[in-house]
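Keep the structure open beside you as you read.

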Amino acid sequence: MKLNYKVIHTEKQTKARLGKIIFTDKDGTTQTYETPMFMPVGTQATVKTLSPEQVKATHPGIILANTYHLWLRPTPEVIKEAGGLHEFMNWHGPILTDSGGYQVFSLAKNKKKDITEEGVHFKSEIDGRPLFLTPEKSIQIQNMLDSDIAMSFDECPPATADYAYLKNSIERTLRWAERGKKVHNNPQQNLFGIVQGGPYEDLRKFSAIKTVEMDFDGYAIGGVANDDESKDDMYKAVEFSTPYLPNDKVRYLMGVGEPVDLLESVIRGVDIFDCVSPTRLARHGNALVTGVRSTSQGPKENRLNLKNARFKHDFTPIGTTCDCYTCQNYTRAYLHHLMRCGEAFGATLLSIHNIRFLIHFCEQMREAIREDRLLEFRDEFLKN
Ligand SMILES: [Zn+2]
């Protein structure tokens, strides 16, 4: 489905955008979704522990799937044979695939030797066989998967990379973006470019301007979801990128899913987000709840660990104002019991809640943008 992005309203006090993404199918039918939007991640062509119906009930827009994983298993050939990713996984809403870059960079053992101008050498996590991913190969795989949005193959430098490394890296990423764009061959698929450059203003500016010159269907801000990166650097990376991105194209911050980071990035002009955190937290018994906890690195998302003994006799829902299936039907005591027994249904129920929590959070931000009170919304949020 080809996409169009339109800004409905720019918030008066910030750069936050209320927008809509309109997807148009071959037969002319459209699907429209508002931004800011949180996109649940379905790494292996499934949002872990959830059926498509359960995902749908959380009111998502786009969902993600991972090129690296699907390349190795079941292979793009099998997915093509199935009629594409939508048919294969029974998901008829929009799907975004990543480039595989993030995974292969972390798998490249000898960074100097394995990361070359041509592409990245690494070993398969499944059987150890040597593999090679190039910008062309990444796009060809995504063309075969037939996702709605494909991502350019970019170099993902570590958070510790210095200025000189990042400078070379953004230039290589631009060359790779060009190579990928040349072989992109799926008229129904949108291709996004990725802005890199760490926390440096001049590098982000250069990367953004040059990437926009190549004219992609949307733009992502990459290199921010490193565990060892400070929040300050993340916000800088966003702040230094968005001024150079066109107003009529969607902006995607990759791999970020903490409510406080969503909020700070929306304020700086980002529209869409993805993160594995809601389902990963769920599998470990954690539920997202409103408010923040303070840490040495600044405010962090608030969570309840349902495995904790204090929930054994707690017959209230996770969130008293949450409209998700889990909170409408189950108590903390029941979830505590399921998680203590290692029952898969516990992870399902917590995943439903956590995904809905982030999607609802985006709905609240949209309302606040519409009413020009996003900073007040932030104050309220941080106070809790
Ligand atoms: Zn809930």
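Start at Asp-146, which sits in the loop between α7 and β9 (149-151). Helices here are DSSP runs of H or I with at least four residues, strands are runs of E with at least two, and both are numbered from the N terminus. This is a predicted model, where local features need pLDDT of at least 70, side-chain atom pairs count only at pLDDT 80 or more, and totals for chains, interfaces and linings use all residues. Residues are numbered from 1 along each chain as its sequence is written.

The backbone at Asp-146 has a phi near 65°, a positive value in a residue other than glycine. Asp-146 counts as buried because it has 22 C-beta neighbours inside 10 Å (buried takes 20 or more other C-beta atoms within 10 Å, exposed 12 or fewer, and partly exposed lies in between, with C-beta atoms placed from the backbone).

His-59 also has a positive phi, near 60°. Its place is the loop between α1 (52-56) and β5 (63-65). With 15 other C-beta atoms within 10 Å, His-59 is partly exposed.

Now back to α7 (residues 135-145), whose axis comes within 8 Å of that of α8 (residues 163-183), the two crossing at roughly 40°. Axes are lines fitted to C-alpha atoms, for helices over the stretch in contact, and angles run from 0 to 180 degrees between N-to-C directions. The two helices, α7 and α8, are therefore oblique to each other (under 35 degrees is roughly parallel, over 145 roughly antiparallel, 65 to 115 roughly perpendicular, and the rest oblique). Who meets whom? On the α7 side there are Pro-135, Glu-136, Ser-138, Ile-139 and Gln-140, and on the α8 side Trp-176, Arg-179, Gly-180 and Val-183; contact takes C-beta atoms, placed from the backbone, within 7 Å.

Further along, the axes of α14 (residues 332-340) and α15 (residues 344-370) come within 7 Å and cross at roughly 135°. That makes this pair, α14 and α15, oblique. Leu-335, Leu-338 and Met-339 of α14 meet Phe-345, Gly-346, Leu-349 and Leu-350 of α15.

Finally, look at two prolines. A cis peptide bond links Thr-35 to Pro-36, with omega about 5°, and Pro-36 lies in the loop between β3 (30-35) and β4 (37-40). The bond from Arg-73 to Pro-74 is cis too, omega being near 5°; Pro-74 belongs to the loop between α2 (67-72) and α3 (76-81).

How values were computed:
Contact = placed C-beta atoms within 7 Å.
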